[in-house]
Amino acid sequence: MNDEEPRWLTSMEQRAWRAHLAAHKLLEHRLDRDLQTFGLSVNDYEILVNLSESSEHRMRMSDLADATIQSRSRLSHQISRMEAAGLVARETCVDDRRGTFAVLTEHGWATIQQVAPHHVASVRQHFIDLLTDDQLRELEAAYTPVVNHLKSLR
């Protein structure tokens, strides 16, 4: 930190920041509750989506950690829980014995196919359909530089 006086948020900036925090927390909580019906968390679902969209339904654990913005350690624990539920499996990388793949199982594939329509409906109901197309474009434009900045710091 430096010794300069902090640049305190203006009242408009404070309202925007607090609205962002509240919306993020409330939306994630709602989506998580909706996924609990299927025995999944938001983190489980995000992993299943990434694996379902990847080639051969598999990803290196390090790439999956980056894609889901998790530490390698946290992802490893998450994958262990999902392995116990039969959703994913780990496989050793033939090219690099130190590398490990997370692989979507048949049960994991069936689960994502069953849950995805319900999750998309929940995202629509609690987020997308509450905003206009212009607001969605503005939101994307506003968040893209923030995401890019924060990714560059990782």
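Mentor: Happy to. The largest pocket is lined by 35 residues, and those nearest its centre are His20, His24, Leu27, Phe127 and Tyr143. Its lining takes two or more residues from each of helix 1 (11-36), helix 2 (42-53), helix 3 (61-67), helix 5 (106-126) and helix 6 (133-152). Bear in mind that this is a predicted model, where local features need pLDDT of at least 70, side-chain atom pairs count only at pLDDT 80 or more, and totals for chains, interfaces and linings use all residues. Residues are numbered from 1 along each chain as its sequence is written, and side-chain values use heavy atoms, with hydrogens and water left out.

Trainee: What makes something a pocket, or a residue part of its lining?

Mentor: On a 1 Å grid over the protein atoms alone, a pocket is an open set of points with protein on both sides within 12 Å along at least five of seven lines, and a lining residue has an atom within 4 Å of a point. The space in the largest pocket comes to about 1,700 Å³, a volume being what is filled by probe spheres set on the points.

Trainee: Which helix gives the most to that lining?

Mentor: Helix 6, with 10 residues. Helices here are DSSP runs of H or I with at least four residues, strands are runs of E with at least two, and both are numbered from the N terminus.

Trainee: Why is leucine 104 called buried?

Mentor: Buried means under 20% relative accessible area, exposed over 50%, and partly exposed in between (1.4 Å probe, protein chains only). Leucine 104 has 9% relative accessibility, so it counts as buried. You'll find leucine 104 in strand 3.

Trainee: And why does glutamate 56 count as exposed?

Mentor: Because its relative accessibility is 63%. Glutamate 56 sits in the loop between helix 2 and strand 1 (58-60), and has a positive phi of about 60° although it is not a glycine.

Trainee: What makes a nonpolar core?

Mentor: It's a set of buried Ala, Val, Leu, Ile, Met, Phe, Trp, Tyr and Cys residues joined through side-chain atoms within 4.5 Å. The largest one has 21 residues, and Ile47, Leu48, Leu51, Leu64, Leu75, Ile79 and Val88 touch the most other members. Helix 2 gives the most to this core, with 5 residues.

Trainee: How do you know that the charged end of arginine 58 sits over the ring of phenylalanine 101?

Mentor: The rule wants CZ of Arg (or NZ of Lys) within 6 Å of the ring centre and within 35 degrees of the ring normal. The charged end of arginine 58 is 5.2 Å from the centre of that ring, and is listed as sitting over it.

Technical notes
1 Å grid on protein atoms, 1.4 Å probe; cavity = no way out; pocket = protein on both sides within 12 Å on 5 of 7 lines; lining within 4 Å.
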